[in-house]
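Visitor: I would like to learn how to read a structure like this one, step by step. Could we look at it together and take one feature at a time?

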Amino acid sequence: MVNLLIGPKGSGKTQQMIEQANSQVKVCNGNVVFIKKTHRDTASVAFDIRTICMDDFKSIENIDEYIGFLYGMYSSNHDIECIFIDGLLKHADISLDNVPEFIERLKKVSRECDIEFYVSLSATKDELSGIDMADCTLLN
């Protein structure tokens, strides 16, 4: 399952993602991972959530490498249950043009590894019309 949190830049998506992750870690049997672009605002993420800052992995430059990174995380920790990706359009070369492909690939990772994804991005519903919403939930 891929959960999408969309809205304009500056609308509080990061704070919503942090709150959602902090809630999930209390009810998940497995591990929770929070992926963000920078080290900013990491203090408000619960201590038992694995926080990953993509600025530390500058060599991940495209969708293939990003998906490989996710598979690598899972291969080293089969207990990952939820992965939060905050500010998707700031990661690698992901843009509104290739978000539909990225979401399809996330759905595949989700099915294969039994991981629930939460993804935030600065976009409108119309800008994401190319996404097949099967196995996706739009969060408010």
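Visitor: Is Y118 buried or exposed?

Guide: Please keep in mind that this is a predicted model. A residue counts as buried when its relative accessible area is under 20%, and Y118, with a relative accessible area of 6%, is therefore buried.

Visitor: Which residues does a ring cluster link together with Y118?

Guide: Two rings pair if their centres lie within 6.5 Å, and planes under 30 degrees apart count as stacked. Ring pairs link F34, F84 and Y118 into a cluster. The centres of the F84 and Y118 rings are 4.3 Å apart and their planes are at 10°, so this pair is stacked. Because F84 lies in strand β4 and Y118 in strand β5, the pair ties together parts that are 34 residues apart in sequence. F84 is itself buried, with a relative accessible area of 0%, and F34 also counts as buried, at 0% relative accessibility.

Visitor: What covers the buried residues of α1?

Guide: The buried residues of α1 include M17, I18, A21 and V25, and what covers the buried residues of this helix includes β1, β2, β4 and β5.

Visitor: How much space lies in the largest pocket, and which residues are the closest to its centre?

Guide: The largest pocket holds about 390 Å³ of space. Its lining is made of 17 residues, of which T14, R40, D86, G87 and K90 are the closest to the centre. Sorted by kind, the lining has one nonpolar residue, eight polar and eight charged, and β5 gives the most to this lining, with three residues.

Notes: Residues numbered from 1 in each chain as written. Predicted model: local features only at pLDDT ≥ 70, side-chain atom pairs only at ≥ 80, totals over all residues. Heavy atoms only, no water. 1 Å grid on protein atoms, 1.4 Å probe; cavity = no way out; pocket = protein on both sides within 12 Å on 5 of 7 lines; lining within 4 Å. Points joined across faces, edges and corners; volume = space filled by probe spheres on them. Helix = DSSP H or I, 4+ residues; strand = E, 2+ residues; numbered from the N terminus. Nonpolar A, V, L, I, M, F, W, Y, C, P; charged D, E, K, R; others polar. Buried < 20%, exposed > 50% of the residue type's maximum accessible area, 1.4 Å probe, protein only. Contact = heavy atoms within 4.5 Å. Phe/Tyr/Trp six-rings, centres within 6.5 Å; stacked < 30°, edge-to-face > 60°.
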